[in-house]
Amino acid sequence: VGAAAPARSVPAPQAKQRKKTRAAPRTRMSATAMRTFASAMVMWAALLATGALAQAGDNGTVVEEKTKTEPELLSQKCQPNENNEFVFKVNLWEYQYEMEGCEGVAPTLEIKRGVEYTLTQKDPTNWFHPLGLAYYPDGAHDDVPELEEPTPAECDEDQFKCNPGEGVKQAPLYCIGGECETYEDWNNGTVS
């Protein structure tokens with residue numbers, strides 16, 4: 001039989017002393033950080049709502065029958081609704097615009113000269129995706145003139161020939177909450 005180990009003296013547990021700490025100062029989120037956070041939340045909600053997130057199986061693999069495999073229709077000719085409105089949302093899967101009542105993405109709008117139309121972007125997927133209108137496909141993304149006031153000088157060049165004529169003003173007038181800009185305050189960040 002082995003010898004017992006000598007007894008040790010163990011100090012009594014000492015009471016833990018709490019340090020006095022000051023509460024961390026409350027910080028406020030900057031307006032930019034708040035908008036960024038809100039934008040991320042809106043986009044996440046839109047992804048969930050549109051089903052753009054891939055469905056995963058039990059082992060984490062993508063379930064093919066639950067995800068799109070067919071490409072969307074492109075540039076379908078689209079008519080306005082009965083109120084002369086084109087209602088848009090962003091297809092987050094294709095990262096292109098869709099129009100209510102029209103199949104596919106990147107619609108071609110059928111419009112008539114002299115008729116006033118309303119282009120509506122109330123769907124949350126439009127957040128930070130304002131529409132731009134151009135005389136040719138891809139507008140500013142492809143260095144072609146856009147509908148602006150005054151008419152861009154490029155519209156007089158032979159390759160474009162998109163000048164609507166002397167004294168004709170054509171450009172989208174943007175509205176927020178029922179307040180719209182005019183041609184006099186066009187694209188300067190204010191509304192009348």
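## Strand pairing

Strand S2, residues 85-91, runs antiparallel to S3 and is joined to it by 4 bridges. Strands are DSSP runs of E, at least two residues long, numbered from the N terminus, and two of them pair if DSSP finds at least two bridges between them. Across this pairing, Phe-88 stands opposite Met-99 of S3, and Lys-89 has Glu-98 as its bridge partner. S2 and S3 form a hairpin with 4 residues between them, and Tyr-95 in the turn has a positive phi of about 55°.

The model is predicted: local features need pLDDT of at least 70 and side-chain atom pairs count only at pLDDT 80 or more, whereas totals for chains, interfaces and linings use all residues. Residues are numbered from 1 along each chain as its sequence is written, and side-chain values use heavy atoms, with hydrogens and water left out.

## The sheet

S2 also pairs with S5, here in the parallel sense and over 3 bridges. In this pairing Phe-86 stands opposite Leu-119 of S5. The three strands make an open sheet with the order S3-S2-S5 and mixed pairing. S3 (96-99) and S5 (118-120) stand at the edges with a single partner strand each, so one side of each has no neighbour in the sheet. Neighbouring strands are turned by 35° against each other on average, direction ignored; the axes behind this angle are lines fitted to C-alpha atoms, and angles between N-to-C directions run from 0 to 180 degrees.

Of the 7 residues of S2, 5 are buried, so the strand is largely enclosed by the rest of the structure. Buried means under 20% relative accessible area, exposed means over 50%, and partly exposed lies in between, with a 1.4 Å probe and protein chains only.

Phe-88 is buried, with a relative accessible area of 4%. Leaving out residues up to four places away in sequence, Phe-88 touches Tyr-97, Glu-98, Met-99, Pro-107, Leu-109, Leu-119, Thr-120, Gln-121, Asp-123, Asn-126 and Leu-131, where contact means heavy atoms within 4.5 Å.

The largest nonpolar core has 7 residues: Cys-78, Phe-86, Phe-88, Met-99, Cys-102, Tyr-117 and Leu-131. Such a core is a set of buried Ala, Val, Leu, Ile, Met, Phe, Trp, Tyr and Cys residues joined through side-chain atoms within 4.5 Å. In soluble globular proteins, nonpolar side chains tend to be buried together.

## Aromatic pairs

Rings of Phe, Tyr and Trp (its six-membered ring) pair if their centres lie within 6.5 Å; planes under 30 degrees apart count as stacked, over 60 as edge-to-face and the rest as tilted. By this rule there are 3 aromatic pairs. One of them joins Phe-88 and Tyr-97, whose ring centres are 5.9 Å apart with planes at 75°, so the pair is edge-to-face. The rings of Trp-127 and Phe-128 also form an edge-to-face pair, with centres 5.5 Å apart and planes at 75°. Trp-127 is partly exposed at 37% relative accessible area, and Phe-128 is exposed at 60%.

Asn-91 lies in strand S2 and is buried, at 6% relative accessibility. Its side chain reaches the backbone nitrogen of Glu-94 at 2.8 Å.

Gly-101 lies in the loop between S3 and strand S4 (108-109). Gly-101 is exposed, with a relative accessible area of 87%. The C-alpha atoms of Gly-101 and Phe-88 are 9.9 Å apart, with the two residues separated by 13 positions along the chain.

Terms used: A polar contact is a pair of N or O atoms within 3.5 Å; within protein, one must be able to donate a hydrogen and the other to accept it, and residues adjacent in sequence count only if both atoms are side-chain atoms.
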